[in-house]
Amino acid sequence: MREKILKAIEKNSRIDLKELAIMLGEDEIKVVNEIAAMEAEGIICGYHTLIDWDKTDIEKVSALIEVRVTPQRGQGFDSIAERIYKYPEVNSVYLISGGYDLLVSLEGKTLKEVSKFVSDKLSTLDTVLSTATHFILKKYKDHGSILDKKIVDERLKMTP
Amino acid sequence: MRNPLSDKIVEIKPSGIRKFFDIVSEMKDAISLGVGEPDFDTPWHIRDEGIYSLEKGKTFYTSNAGLKELRQEICNYYYRKQGVSYNPITETLVTVGGSEGIDMCLRSMLNPGEEVIIPTPCYVSYEPCTVMAGGVPVILPLKNENQFRLTAEELESAITDKTKILILAFPNNPTGAIMDKEDLEAIAEVIIKHDIFVLSDEIYSELTYSEKPHVSICSLPGMRERTIVINGFSKAYAMTGWRLGYALGPAEIIKQMTKLHQFAIMCAPTTSQYAAVEAIKNGDEDVAEMREAYNQRRRYLMHEFEEMGLPCFEPFGAFYVFPCIKEFGMTSEEFALKFLEDEKVAVVPGTAFGDCGEGFLRISYAYSIDDLKVAIGRLKNFVEKLREAK
């Protein structure tokens, strides 16, 4: 049941739980309890909203930054990752296999603000060896959703 | 000028769905629950294979019976699902949708005057195809109280010494009914006793929602040699527009079907065949995902019908529900028309699938849950108004 609940709320966290229970053929109370349990266990970490900021008049710039670091004895990458993710402008931090170590995504109001963060805060950390900043020019698909999708039902209206 | 037309063809009634289609097409703002095809797009990796085959210039005919690789995969699939092995060379034919398979099968098997038992309500093409093949359709109405399954007694009652073929279409369009293994065993006995054949249209076989997956009658003892399985890619992989189906059956029948198929259309579309190889090899997960989505909508609809007190047996297959509207004292067509006029929602009257569909509606759940919610809200409204008026 957990997988089915997660799949459903991953797509739509605002789904009515009574309705979800009907659709899964489960008892509503069971579904509610299961979700509460998964929240307590940290499986469900939050309920976010997917926003296409480009469609608003609010200016936002996002960037992906490749960071190469020196892992620290006894702590590996964890403590440096923690230093980075504590900055509120940082959206996500992943440890990555391949040519660099951490992939940091961040959001700022302007290009300048993001650049400033990288040059002032990120690059100056002792363990950071180098950074490469990639500004995002356009988001096509995010969290499994196509942002500009127009849904038109082109099927014939009635078929046998 | 002399009559340019064939009397036989002219006499065939147009599909009952046609009339509604014309009305609905005129109404721009109508929501439809009348569609008999998946709302999903063909999964991307399958479309991608089709595109790739075009890029590689695979634009030639395939052999009449279809790409060998595809036929092999079809046989693997039936072995995997039903434990029945078919020979990809002599017992497999790739067709232009399941529909062509039905036509080819009936034309290859029927002599003038031989009877075909057609349990109804059912898909619209069996009866005209039987007539065009020179056979005589014997309509066998199924019952709501049996959940629209075919029973051995019903079958027995329809058999005469002219009976040649039984058409078995489960999971069923329009009722959503399925036949379990036990149900099939009961009728298989009658089929073998009377030495008749079965055209088993299993186009919805991947879309079942009970504990056990679909059982094909070809997997029962003594049935493989008297069954022609018709299946395809349309419903399972959301590939309706690719027009690709197949037939599996005894070599002597497939041989004649292949001959006819060769003269009628050469071969199924090549691009579609390449895409289908990918679908049948690597499409299980997509099917599972779509099946789950359909099942969730099905449960939602059943719950809503219960809430509004609209009787509907629980269907465990395809993507249709078949609620009963007899309490309103209207024919299916009257109900559907008024519903369309008043609430702008199109459903298909049960009678489009045979006279015994009178008093029922076919509602398709090949729609997003949000669309369904709007439509069902209107149905609720409509039903309440009708009840108040009484």
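How far apart do the C-alpha centres of domain 1 of chain A and domain 2 of chain A lie? They lie 34 Å apart. Before I go on, the ground rules. This is a predicted model, where local features need pLDDT of at least 70, side-chain atom pairs count only at pLDDT 80 or more, and totals for chains, interfaces and linings use all residues. Residues are numbered from 1 along each chain as its sequence is written, while chains are lettered from A and ligands numbered from 1 in the order in which they are written.

Domains, then. Their bounds come from an automatic or database domain assignment. In chain A, domain 1 covers 2-40 and domain 2 covers 53-139. In chain B, domain 1 is 7-42 + 285-383, and domain 2 is 60-283. The C-alpha centres of the chain B pair are 24 Å apart. Their contact takes 33 residues from domain 1 of chain B and 34 residues from domain 2 of chain B. Contact here means C-beta atoms, placed from the backbone, within 7 Å. On the domain 1 side, α11 and β9 (320-321) of chain B give two or more residues. The top contributor on that side is α11(B), with 7 residues. Helices are DSSP runs of H or I, at least four residues, and strands are runs of E, at least two, numbered from the N terminus.

Now the core. A nonpolar core is a set of buried Ala, Val, Leu, Ile, Met, Phe, Trp, Tyr and Cys residues joined through C-beta atoms within 7 Å. Buried means 20 or more other C-beta atoms within 10 Å of the residue's own, exposed means 12 or fewer, and partly exposed is in between, with C-beta atoms placed from the backbone. The largest core has 123 residues. Among those touching the most other members are B:Cys105, B:Ile167 and B:Val345. Helix α10 (residues 270-282) of chain B gives the most to this core, 6 residues. Both domains of chain B contribute residues, so the core lies between them. Apart from it lies another core, of 14 residues, including A:Val67 and A:Leu102.

Take B:Val345. Beyond its neighbours within four places in sequence, it is in contact with residues including B:Ala30, B:Ile31, B:Phe339 and B:Arg378.

B:Phe339, B:Asp342 and B:Glu343 in α12(B) meet B:Arg378, B:Asn381 and B:Phe382 in α13(B). Helices α12 (residues 332-343) and α13 (residues 369-389) of chain B pack at about 110 degrees, axes 11 Å apart. Axes are lines fitted to C-alpha atoms, for helices over the stretch in contact, and angles run from 0 to 180 degrees between N-to-C directions.

The contact includes B:Cys105 of α5(B) and B:Met257 of α9(B).

Next, the two chains. How many residues of chain B are in contact with chain A? There are 19, and they touch 9 residues of chain A. On the chain B side, α2 (17-26) and α11 (284-308) each supply at least two residues. The largest share, 5 residues, comes from α2(B).

Last stop, a loop. B:Gly222 sits between β6 (197-201) and β7 (227-232) of chain B. Is B:Gly222 buried or exposed? Exposed, because 11 other C-beta atoms lie within 10 Å. Its C-alpha atom is 9.8 Å from that of B:Ile191, 31 residues apart along the chain.

Technical notes
Contact = placed C-beta atoms within 7 Å.
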